[in-house]
Structures are given as C-alpha cells and as structure tokens.
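Colleague: I would like to go through this structure with you. Could we begin with the ligand and then turn to a sheet?

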Amino acid sequence: MNPIKMVDLKGQYEKIQKEIDENILQVIENTAFINGPKVKEFQIHLENYLNVKHVIPCANGTDALQVSLMALGLKAGDEVITSPFTFIATAEVVGLLGITCKFVDVEWNTFNLDITQLEKSITPKTKAIIPVHLFGQSCQMEEIMHLAKKHALFVIEDTCQAIGADFIFKSGEKQKVGAIGDIGCTSFFPSKNLGCYGDGGAIFTNDDDLAWKLRGICNHGMFKQYHHELLGVNSRLDSIQAAVLDIKLQYLDEYNTARRKAAEFYNKMFENHPNLEIPAISTFSTHVFHQYTLKLRDINREKLIEKMKEAGIPVMIYYPIPLHLQKAFEYLGYKTGDFPVSEKLCDTVISLPIHTELTEEQQEFIGEKLLN
Ligand SMILES: *Cc1c(COP(=O)(O)O)cnc(C)c1O
C-alpha cells in the first residue's frame, strides 16, 4: 500500500504526465508566458463547461473575491454577509476593502449558510451576500437568489471548494455552481478539485458589463491601453498554469466522480457508528467532496488525531476557529456564543484524506484505525 496523503497530486500527475508536459512545453517554446493563447483557450473551455458567458482568469481565489467586490462598487460603510465557517479569504477581502463583514451562522448538516438567519440579518446597509459552497456542496442558491432579488443584493458565490458541482432547482433544472449568482469565484490552488501547479483563480459572470469591469480591474483598472479609469490590481493567470488547467479540466468530472466514490466508501464504513456523523447530502446539490468531513460525538478529537498520525494517516481540522473569533476580526466585536453552530462544528469536525487517487485498500486501513 502506498503511503496515505491528504491529497495525492503526484499520483494524479503521473496518469496525465504526457499531456501536461506537452502543453507546458508549448508555452515555454512560444514564450507567451503572460496572456498567451493557452489562457484564452482555457477560458473558453471553462466557459463552456460551466455554461457561463464570461470567465475572467486571475491570479488566485482570494483576488477573484476581492476584484468581485471592487467591480460591484462596494465600499466602506456597506455590509456584506457571509459564513463564519470558511477559509479566511472569503471574509478577509471584505475587511481589507473597509466593507463591514457580517457573519451569519451555518446549518449543522450541510455546513452552509442558514437561510432563515440570513434573511433576518439583512439591513438597509447590506449590499451583497457571499455564499460559500463549503467542502464541495452548494448552498441553497434558489432561496439565496430569491432573497437577493427581494432585497436588491448582489450575490458573489465562493466556489473555491465546489467547482463542478451542480445546483438542482425545484424545477429539476441543473446549473453549475458559480454560474448562478451575479458573480462566481474560484481558486485553482493545487489541492482544489481543479488545481494547477501553482496559484490560479477565476471569476465567472453572465453579465457583459460586469465582465468588462472585472477584466479591467484585474489589469490595473486599465480599459484602454495606459488609460487607467480606476485603481485596480495586477491579477493574471500564468499561461503555464492555464496549460495545466486546460488538460485537467477535461478530467474534472472524472475526478469529482472518484471523490464521490471515495466518500461513498467511507460512508459505508462509518454510517452506523454511534460516535461518527457522516456528511449530509442535500437534495438540491450534487457533492464534489473537496473535503470528507465527519462530526465526532463523545470522542476526544486530539487523541484520535494523535492515533491516526501514529498510524501514518494524515487528518485535518477544517476549520479549528470560526472567523468571528479570529483575532484579525476582533474589531468586528463578535464574541463566543454568537454563532453556536459554527463554534460547535469547529470543535467537532475532522476531515479525512480524500482525493482522486485514494484506493479502497487505503480507505479500509483508515477506517480500521479510526474505528478501533
Ligand atoms: C481556497 C479558498 C479560497 C482562496 O483561494 P486562493 O487561491 O488560495 O487565494 C477562498 N475561499 C475558499 C472557501 C477557499 O477554499
């Protein structure tokens, strides 16, 4: 049995090495390192895959979120609502722009924004919602879009962990997450479901004017050469990264299926265990299992982690501290008890290795150690 890793990028690369190497070499040979044809090709392929009108490639997922807020014209004094149970980037960019970050608790089952509480926390200052499709499963986008329309709010989907997942509308119609809100953001960080070999990100929108603005802001606020209409940023996807992504995009559905299969295998091992709660699957989303996250009941998590580490099994806690209790957000004035579900999740969750190369033999070994 091969050593177990949280994510096995080497094993994944070896299966597509020839295609990847050839595509990277082409970039090196034609030296179009920035904004080369590979970037445009990948952009078009991703637009087709997501069925979205515009994909704007950028340097990383954090920039994608920041540029989105900038393009929507959000500024100090405005409020943006998001989840406290996510990676900091989602809320960090809100704070960096001087916008007030307002947290709303998540649901215990899905780890995603609680819609009832979301509506209650909308004020006249609220300008946007950032739903985070955590661990690979969509938020209730139909209801979020309904609320957004009712209160005239923008919706920026944080799709960094859920690329390829489908949202299923009540009508039965499906749409890729990230293509539903005004803007969708994703990250191509190597360990994400669609990851490159460095940093990368992208912004999605169906709105022509917004696309134009997003593209300009990613390019120093420049809409005509050396005419800078506003202050932007420098955020580009390297051609070499686009070359990697353009190959890997062809395998994304296969990769997500492999993750789903691995999750099902784990579920079978853990579903009847009195101390473990397996991930809930909502009726309105497919799940692409960026993470496979269990909730522990009456088990000492630290001891369990210690035991797993001794057996050579990496496990992670996503996330140990909710954002409202992070020191960096102290200035927002939140306190312990404000978002009890997120707080309890932070104390209870544990994420097991999940990736495209995980074998059943490895999973059985993980299960054995976890259960005994
Ligand atoms: C990874 C991630 C980001 C940030 O992406 P980077 O490419 O690392 O900047 C933002 N939000 C979520 C939910 C993420 O998982």
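Predicted model: local features only at pLDDT ≥ 70, side-chain atom pairs only at ≥ 80, totals over all residues.

Colleague: Which residues come nearest to the ligand?

Modeller: Gly-61, Thr-62, Asp-158, Ser-187 and Lys-192 come nearest, out of 13 residues around the ligand. A residue counts as near if one of its heavy atoms lies within 4 Å of the molecule.

Colleague: What lies 2.5 Å from an oxygen atom of the ligand?

Modeller: That is a polar side-chain atom of Thr-62. For Gly-61, a backbone N or O atom lies 2.8 Å from a ligand oxygen atom. A polar side-chain atom of Asp-158 is 2.8 Å from a nitrogen atom of the ligand. A polar contact is a pair of N or O atoms within 3.5 Å; within protein, one must be able to donate a hydrogen and the other to accept it, and residues adjacent in sequence count only if both atoms are side-chain atoms.

Colleague: Now the sheet: in what order do the strands run?

Modeller: The order is S12-S13-S14, three strands in an open sheet with antiparallel pairing. Strands (E, at least two residues) are DSSP runs, numbered from the N terminus, and two strands pair if DSSP finds at least two bridges between them.

Colleague: Why is one side of S12 left without a neighbour in the sheet?

Modeller: S12 (276-277) and S14 (349-352) stand at the edges, each with a single partner strand, so one side of each has no neighbour in the sheet.

Conventions: Residues numbered from 1 in each chain as written. Heavy atoms only, no water. Helix = DSSP H or I, 4+ residues; strand = E, 2+ residues; numbered from the N terminus.
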